[in-house]
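Here are some questions and answers on a protein model. Look at the sequence and structure, then read on.

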Amino acid sequence: QVQLVESGGGLVQAGGSLRLSCAASGIIFSITDMGWYRQAPGKQRELVAAITSRGSTNYADSVKGRFSISRVNAKNTVYLQMNSLKPEDTAVYYCAADGVYRGWGQGTQVTVSS
């Protein structure tokens, strides 16, 4: 059973930084593609960043140059470093597994105040 547990969300002022973590269990993490999504109130869930099992990354245009996704296979964990945060980054952020193993975390709230 895929289990993904996010942590690291919170309230931050515009221009600040946060690092989200997602701990995975129930999967062979090293062969699993991982991603971070977000959903703001009244909006559809959108892809923020993704990292393949081989370490290739891609980002939404809105976060390029500000966010960075990484993974540590030895810890079964994927991270999202978020810098220069803007109020429009406010959303619930979800971790997702894709490929052989698929699943979603419960989400963590990120609120950026202006």
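Q: Which residues is L80 in contact with, leaving aside its neighbours within four places in sequence?
A: This is a predicted model, and contact here means heavy atoms within 4.5 Å. With the neighbours within four places in sequence left aside, the residues in contact with L80 are L18, R19, L20, W36, V48, A49, F67, S68, I69 and Y93.

Q: Which residues touch the most other members of the largest nonpolar core?
A: In soluble globular proteins, nonpolar side chains tend to be buried together. The largest nonpolar core here has 28 residues. Those that touch the most other members are M34, W36, V78, L80, M82 and Y93.

Q: How many residues apart in sequence are the parts that the pair C22 and C95 ties together?
A: A disulfide is a covalent bond between the sulfur atoms of two cysteines. C22 and C95 form one, with their sulfur atoms 2.1 Å apart. C22 lies in strand 3 and C95 in strand 9, so the parts tied together are 73 residues apart in sequence.

Q: Is R66 buried or exposed?
A: R66 lies in the loop between strand 6 and strand 7. Its relative accessible area is 11%, and the cut-off is under 20% for buried. R66 is therefore buried.

Q: Which side chain makes a polar contact with the side chain of R66?
A: Not counting residues up to four places away in sequence, R66 touches Q81, M82, N83, S84, L85, K86 and D89. The polar contact of the R66 side chain, at 2.8 Å, is with the side chain of D89.

Methods:
Residues numbered from 1 in each chain as written. Predicted model: local features only at pLDDT ≥ 70, side-chain atom pairs only at ≥ 80, totals over all residues. Heavy atoms only, no water. Disulfide = S-S within 2.5 Å. Helix = DSSP H or I, 4+ residues; strand = E, 2+ residues; numbered from the N terminus. Core = buried A, V, L, I, M, F, W, Y, C linked by side-chain atoms within 4.5 Å. Buried < 20%, exposed > 50% of the residue type's maximum accessible area, 1.4 Å probe, protein only. Polar contact = N/O pair within 3.5 Å; in protein donor to acceptor, adjacent residues only side chain to side chain.
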